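Take a look at the model below. Then follow the text from one end of the chain towards the charged surface.

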Amino acid sequence: LERARRFGLTKGELLRAKKGILSDIKTAYEEKDTTRSSKLTQELVRVVTTNESVPGIEYEREMVQKYLLEITHDEVNHFLASWMSSPSKLINIVTGEAEHPTSEELETWVDSAQFESIVPPPDDDELPPLITELPSRGSIQSIQHHEEIDVEELILANGSKIWLKDTNFESDRILFSQYQKGGLSLADDLDLIPASTAAQMMFQSGAGSHDLQQIYRLLAGTKAI
């Protein structure tokens, strides 16, 4: 926060934020006829509880396309500097009962952070692609149609089975999930927590030579999750 207050955001950060907003509004617009009822209900609840306006996705998309690209780097940093100049601060800390910091220690940490030697954010260098060499292409050994549930079952050369189901639930989304025999059921009791958190650790560790922040940069404006 102190670095953002001193130096503002980079042009790359602003560009990625714009890409994300444009991607979100594009998905919302293309799924306007298949939007989940719960999402629409939550929006209507906010009309009553927070006086939120609901002009409709067509109008919101029009406003985003009209004004978003006009927002400049200088405007954002000017607002950021004024917004972060308030002396009021809220600190939220999650800790155990033993050896937790006192209120005085927290105040000392915050005060000392203002005098730390902080360097400007790094330039947004071009990142290498996620995959530099594509793996050899596999093959489909067989295809079977399960008419009773309208599903295509594909058997791949490596033994994997793929079940494909075409739906009209959401217009701009393809969902993937993968299952394999074993998993947590094979872990010893003492290894249950490490085994159950391993996938989260992998996600937080990035992919290949890219750390998590670089992954976010590469995927800016996409809907790959």
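What follows is a short walk through a predicted model.

Start with lysine 11. This residue sits in helix H2, which covers residues 11-30. Lysine 11 has a relative accessible area of 63%. Exposed means over 50%, so lysine 11 counts as exposed. Now look across to leucine 192. Lysine 11 and leucine 192 are separated by 181 residues in sequence. In space, their C-alpha atoms lie 44 Å apart.

Next come two loop residues with a backbone feature to check. Asparagine 51 is not a glycine, yet its phi is positive, at about 60°. Where does asparagine 51 lie? Its place is the loop between helix H3 (37-49) and helix H4 (57-67). With a relative accessibility of 68%, asparagine 51 is exposed.

Is glutamate 99 buried or exposed? Its relative accessibility is 82%, so glutamate 99 counts as exposed.

Move on to helix H6 itself. Helix H6 spans residues 103-113, and glutamate 107 is part of it. Glutamate 107 has a relative accessible area of 52%. The cut-off for exposed is over 50%, so glutamate 107 is exposed.

Terms used. Residues are numbered from 1 along each chain as its sequence is written. This is a predicted model: local features need pLDDT of at least 70, side-chain atom pairs count only at pLDDT 80 or more; totals for chains, interfaces and linings use all residues. Side-chain values use heavy atoms; hydrogens and water are left out. Helices (H or I, at least four residues) and strands (E, at least two) are DSSP runs, numbered from the N terminus. Buried means under 20% relative accessible area, exposed over 50%, partly exposed in between (1.4 Å probe, protein chains only).
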